[in-house]
Amino acid sequence: MPLVFFKGKEIECTNGALLKDVLEDNDVSPHNGASRFLNCRGLGTCGTCTVKITGKVHPHTRVEKIRLNIPPHHFDDGLRLACQVVVEADLHILKWEGFWGQENPDNRINGL
Ligand code: FES
């Protein structure tokens with residue numbers, strides 16, 4: 001059973017579970033702010049469920065490749081759509097800032 005680490009939680013889930021479902025079923029959202037309510041509900045079109053993943057994960061799906069190449073996202077940021085990621089191994093999840101989760105907090109200059 002894979003483990004998902006996110007926002008201080010250690011969540012055990014079924015192998016093959018959808019990451020977005022795993023998080024939301026455990027009261028942690030892959031969305032920031034209002035995007036928690038204003039999102040595509042897992043269609044892969046809104047781009048608000050982006051997360052940075054450390055761990056073994058399948059390659060980007062076709063839907064992810066399309067959406068993550070549309071601003072404000074930049075495919076090279078290496079983000080994933082939680083609604084498209086199938087959990088098959090232990091994963092450490094980080095959520096960036098901004099409505100779409102597109103702002104890497106490590107890129108802030110002097111806290112701005
Ligand atoms: S919920 Fe819209 S892209 Fe994942």
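Entry 1: The model I am reading is a predicted one, in which local features need pLDDT of at least 70, side-chain atom pairs count only at pLDDT 80 or more, and totals for chains, interfaces and linings use all residues. I number residues from 1 along each chain as its sequence is written. Strand S3 covers residues 50-54 and strand S4 residues 80-81; the two pair in the antiparallel sense over 2 bridges.

For the terms, I take strands (E, at least two residues) and helices (H or I, at least four) as DSSP runs, numbered from the N terminus. Two strands pair if DSSP finds at least two bridges between them.

**Entry 2: strands S3 and S5.** I then asked which strand S3 also pairs with. S3 pairs with strand S5 (residues 91-94), in the antiparallel sense and over 3 bridges. Within this pair, I found Lys 52 opposite Leu 94 in S5.

**Entry 3: the hairpin.** I turned to strand S1 (residues 3-6) and strand S2 (residues 9-12), which pair in the antiparallel sense over 4 bridges. Phe 6 stands opposite Lys 9 in S2. S1 and S2 form a hairpin with 2 residues between them. In that turn, I noted a positive phi of about 50° at Lys 7.

**Entry 4: the sheet.** I traced the strand order as S2-S1-S5-S3-S4 in an open sheet of 5 strands with mixed pairing. Why is one side of S2 and of S4 left without a neighbour in the sheet? Both strands stand at the edges and each has a single partner strand, so one side of each lacks a neighbour.

**Entry 5: the whole chain.** I recorded 2 helices and 5 strands in the chain. Read from the N terminus, the elements run β-β-α-β-α-β-β. The radius of gyration (taken over C-alpha atoms) is 13 Å. The globule rule (2.2 Å times the number of residues to the power 0.38) gives 13 Å for 112 residues, so the chain is as compact as a globular protein of that length. I noted that the C-alpha trace spans about 40 × 30 × 25 Å along its principal axes.

Entry 6: I took two residues as in contact if their C-beta atoms, placed from the backbone, lie within 7 Å. Among contacts with a separation of 6 or more, 59% join residues 24 or more positions apart.
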